[in-house]
Each structure stands twice: as structure tokens, then as C-alpha cells.
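Please look over the notes below with the model open beside you.

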Amino acid sequence: MKYIGFNNDVIDARQAVVSALDHGFLYGIGLFETFRTYGGLPFLLERHLKRMAEGCKELGIPFEQDAEHLQEWIQRVMDKNELKEAYIRYTVTAGEDILGLPADDYRKPNHLLYIKALPKAPDKLYTEGKELQLLSLRRNTPEGAVRFKSLHYMNNILAKRELRGYASASNGSEGLMLTEQEIIAEGIVSNIFFIKNNILHTPDISTGILPGITREMVMKLARSAGIRVEEGAYHWEQLKIADEVFLTNSVQEIVPVTTLWEKDKRFTVGDGLCGKITSVMISAYRERTGVSN
């Protein structure tokens, strides 16, 4: 990543700086969205912007950004980095303010675009699946009524540090966090779904999870395919007897989980391969993005 987007410009990444008084740095006041392109176009961009706008409103950060303008800016950064497809992180920080907690809204936020080549996922990931490690670290409670995708990411970082201590980490496993009430929450960088008796289950937003954009799309596609979808409060023991399990995020899309780990105890999901309904969802999602299987 040689060039990044900074306040509608495209500059050398080494020259991009924010003030030491930026409240994104001082207090973690800022939000970000991660998404990817298909055919060079950012996928579900308007939905990501809607979530960003809702979060900025609660944090008192002025935010006016339309999809067409942002897409043009993204394209300029991609062109400068000579990328046809990209992983994109769009960050908005609160900007400079007093040393202390302000009572008024912020006035001049900073906008940054970090763009890099899409990480290559092996084809077998979508057939043989991924491993999921139960973590002892609990998911923290949301900063507001609904969890922000905020710059305050310590809970996720601590979870990642715990995950690396397990043997499953060498196989690229994802870590799963529970709430303090031992209810399934979400992965470090993913939302979770499981299937039992042909019903698709996922933790309810009231558990404090991030309302993922891909999560939302998957539920919509499932209902369109005639699959019953339920949101609720679920326990680890229910995952262990699930017929299928999968994870979602905006970059890897839908990833089957075929192995569960509870400390050093291993449990196989289904027959150890991508399940029937998960396969249907992968196909439906890829059709929606315009990518053939």
C-alpha cells in the first residue's frame, strides 16, 4: 500500500498524518467500515455508508458522504496503487479538539481510505471449511445502544492474542467470543450462523454483536430462498450439535466452519465438509455479487 486516501486526496502513505490532538487518537472516537470490490466496484457501499452515518450521528461527528463521490475517490486510490480489485478500509476520525471530553459536537473530522490487494483465500476454504476456537475472553458490552464499528478495538485485539496461544491458530482458526452471560456473541472479525433442523440461527443484535452488513445480506438471501431464519440467544452446546456452522464478513463472504475447538477438545461439525444449506448460501451470495461459482 504505497498510497492512501486522505480527506479526498490521494497521497503517499508515508506522508499521511493526523494530529496528536485528534480524538480518534486520544479517545478512540471514530468509526471505520471494511468492504471489498467485485469487478472494481465496492460491494454494498450504500449500506456501509448508512451504518457509518448512524454511528457518526451518535458520536457527534459531522458526516456527509454519498456513495457516488466515495466510489470516485476509491477508484482514484485504487488506480494510484495499480489495483483492479481491492480490500478497502474507510475510516472517519473525530478530528482535533480539546484535551478533555468535549460537550459539543465535533467540527472537522478526518477521512482516510486504506486500500490494498484482496487477500487470496484458497478454494478449499469454502469446501473443507475453517476451524473455530472458543475463547475464554468475553465480548465486551457495546459502547452505545448498538455496537459501533469503532476505533476502540482492544477487546478484539486481546481476543486475537488469546487465539494465538491455541494450537488451532496454526491452521488459521477464527476465535469465538461469548457474552458475560455465556451467550454466543461473534467471532473476532466475523458474525456467526448455525443450522439445526433446516433452520438458520444467528445471535440477536441484543447480545451486543456488530450488526454486520454481510450478516444482514445473508439473512435476506436465506429468506428469499425459503429458509427459515431465527435470531436469538444461543449457547456453545448448541453449536456442538449443529448440523452446519458458518461465519460471515465482508471480505471472506461466507465461510463454512467444519471443526470446533473447546480448549484442546475437538468437535467435528456435520460430516466435516461444507454443508448443504451453507453451500446454497455461498452460491446465492456469489450470485448477488456477480461472481460465478
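1. Glu-180 sits in the loop between β8 (174-178) and β9 (184-187). Strands here are DSSP runs (E, at least two residues), and helices are runs of H or I of at least four, numbered from the N terminus. Glu-180 is exposed, at a relative accessible area of 58%. Exposed means over 50%, buried under 20%, partly exposed in between (1.4 Å probe, protein chains only). Its C-alpha atom is 5.8 Å from that of Arg-138, 42 residues apart along the chain.

2. This is a predicted model: local features need pLDDT of at least 70, side-chain atom pairs pLDDT 80 or more, while totals for chains, interfaces and linings use all residues. Residues are numbered from 1 along each chain as its sequence is written, and side-chain values use heavy atoms, without hydrogens and water.

3. Where is Asp-97? Asp-97 lies in the loop between β5 (87-93) and β6 (110-116). Asp-97 is buried, yet has no salt bridge. That term requires a side-chain nitrogen of Lys or Arg within 4 Å of a carboxyl oxygen of Asp or Glu. The nearest side chain of opposite charge, Arg-107, is 4.2 Å away. (Lys and Arg count as positive, Asp and Glu as negative; His and the chain ends are not counted.)

4. Beyond its neighbours within four places in sequence, Asp-97 has contacts (heavy atoms within 4.5 Å) that include Leu-21, His-23 and Tyr-106.
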